[in-house]
Amino acid sequence: MFETINQELLEFLNHSPTSFHAVANMGAMLEQEGFVRLSEGRPWELEAGKGYYVTRNDSALIAFQVPKRDFAGFQVMASHSDSPALKIKANAEILVEQKYVKLNVEKYGGMLCAPWLDRPLSVAGRVVVRRPGGIAARLVQVDRDLLIIPNLAIHMNRKANEGYEFNVQKDMLPLFGGIGAKDGFLQLIAGEAGVEEEDILDMDLFLYNRMKGTVLGLDGEFIAAPRLDDLQCAFASLKGFLSARPKESVAVHCVLDNEEVGSGTRQGAASTFLRDVLHRVNSGMGRGEEEYLMALASGFMVSADNAHSIHPNQQDKADPTNRPYMNGGIVIKYSANQKYTTDAVSGAVFKSLCQKAGVPYQTFVNRSDMLGGSTLGNICTSQVALNMVDVGLPQLAMHSCYETAGSKDTAYLAKAARELFSSSVCGDGDGEYQVR
């Protein structure tokens, strides 16, 4: 079981260098299983017992299965499609002393800079092109070693190993080619998109790490790959969703974008995307507003975004009594300051789901003298007032361009997701819940 799902995960990651590609690949997996694609700009004709999905901005996706008209509630697992990276700016080429061409980039999200240096990189993303009567988006992925961000030699920076503050505008610009590469970037992208240069109107392009994911450790205990945060959770959620058999509640696989930059976009957790979809599912089954509010009160949401494992060389960075390890199971996240949505009720509900699924779980709390990150759960609650828990899979080197996680944990979350999507976590609005 572990070997199969890990190979599937690594294949998914290798073909998902950006959020646009991840959503396109998830859409293909859904359609292969008979799910029908919907458009937000067209009427929805929903039938009980069928599965559907919809995308927004080509970078966020929500899929759902409606078991029957008089469903009990919504069972949601939400993750995000984006990862920290370097985004290519407009007018990207910079000529260096009539000898080299480099590309102008900026940071997207809170990335670790150092791992991006001295490794083969390439370019992927979305190109918007002129078409007869309008415009169209095209996915591009330059599938070859194309760029490198060279380090400065130790001889020119003797204190490099004593700590270095990276200046993105100076230190992180990738080398594209020699003088012969001048004016070649747009030509390259046009060729990848299958259009003429003059037909390109705009681009959302990112650098991506060319090093493919792998299984490692003496006994294959670990996986290492780009974009584990958070495509590992998104993939596990989808696997659980596709294997689930909803009976009483609507199963909702939700993948939002732009979590790494605050979620404040029309496709992010602060947007109306999830709320709009749940509303339309409710009305599509001929139900009214009060029934929608009852379904929210009787529903449950899992916010799934990767968590920090104990670091083998930095054990003191973790809380003294809550110490998650890779392959130790799904991590339930707690924060007194509500950086995470977990409380005693939602934590207990999720533990019950894990027990029913037969998967282990562990807990994470930040050291009391260290600030932690936030995630999409508490942002989503401003749009959909579902009872919610924050969880993740334990990993190392979060926000590096090459991260490490446990080889058992993807399967654990997929099993828990299947249990969630097949169940009804029903609340009475007064703190009493049943998991059936």
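I take contact to mean heavy atoms within 4.5 Å. The model I am reading is predicted.

**Entry 1: the nine-stranded sheet**

I began with helix α8, residues 344-357, which lies across β14 (300-304), β16, β17 and β18. Its direction runs at about 60 degrees to β18. I then traced the sheet under that helix. It is an open sheet of nine strands with mixed pairing, and I read the order as β1-β2-β3-β13-β4-β14-β18-β16-β17. The edges are β1 (36-38) and β17 (361-364), each of which pairs on one side only. From one strand to the next the twist averages 25 degrees.

I looked at one pairing in this sheet. Strands β16 (residues 330-333) and β18 (residues 387-392) run antiparallel and are joined by two bridges. V331 has G392 of β18 as its bridge partner.

Next I checked helix α2, residues 19-32, which also packs on the sheet. It touches β1, β2 (51-56), β3 (60-65) and β13 (250-256). The direction of α2 makes about 20 degrees with that of β3.

Within it, β12 (residues 222-225) and β20 (residues 403-406) run antiparallel with four bridges between them. I picked out A225, whose bridge partner in β20 is E403.

I looked up Q232, which lies in α5, residues 228-243. Is Q232 buried or exposed? Its relative accessible area is 0%, so I count Q232 as buried. The cut-off for buried is under 20%. What does the side chain of Q232 meet in a polar contact? I find the side chain of T410, at 2.9 Å. Not counting residues up to four places away in sequence, Q232 touches L9, I223, R227, N306, L393, A405, G406 and T410.

I then moved along the helix to L238, also in α5. L238 counts as buried because its relative accessibility is 0%. With neighbours within four places in sequence left aside, L238 is in contact with M26, M29, L30 and H253.

**Entry 2: helix pairs**

Two packed helices are described by the angle between their axes and the distance between the axes. I looked up two pairs.

For α6 (residues 273-284) and α7 (residues 289-297), I noted a packing angle of about 120 degrees and axes 10 Å apart. The two helices are therefore oblique to each other. Their crossing is right-handed. On the α6 side the contact is made by R275, L278, H279 and N282, and on the α7 side by E289, E291, Y292 and L296.

For α8 and α10 (residues 409-422), the axes come within 9 Å and cross at roughly 110 degrees. So I put α8 down as roughly perpendicular to α10; the range for that word is 65 to 115 degrees. The residues that meet are F350, L353, K356 and A357 in α8 and K415, A416, E419 and L420 in α10.

**Entry 3: a hairpin**

I followed β7 (residues 121-131) into β8 (residues 134-141). The two strands run antiparallel, and eight bridges join them. G125 stands opposite V140 in β8. Which residue of this hairpin takes a positive phi? I find G133, near 85 degrees, in a hairpin with two residues between its strands.

**Entry 4: a loop residue**

Last, I looked up N258, which lies in the loop between β13 and α6. With a relative accessibility of 8%, N258 counts as buried. Its side chain and that of Y108 are joined by a polar contact of 3.0 Å. Leaving aside neighbours within four places in sequence, I list D82, Y108, S263, T265 and Q267 as the contacts of N258.

How values were computed: Residues are numbered from 1 along each chain as its sequence is written. This is a predicted model: local features need pLDDT of at least 70, side-chain atom pairs count only at pLDDT 80 or more; totals for chains, interfaces and linings use all residues. Side-chain values use heavy atoms; hydrogens and water are left out. Two strands pair if DSSP finds at least two bridges between them. Axes are lines fitted to C-alpha atoms, for helices over the stretch in contact, and angles run from 0 to 180 degrees between N-to-C directions. Buried means under 20% relative accessible area, exposed over 50%, partly exposed in between (1.4 Å probe, protein chains only). A polar contact is a pair of N or O atoms within 3.5 Å; within protein, one must be able to donate a hydrogen and the other to accept it, and residues adjacent in sequence count only if both atoms are side-chain atoms. Angles under 35 degrees count as roughly parallel, over 145 as roughly antiparallel, 65 to 115 as roughly perpendicular and the rest as oblique. A crossing is left-handed if the near helix is turned anticlockwise from the far one by less than a right angle, and right-handed if clockwise.
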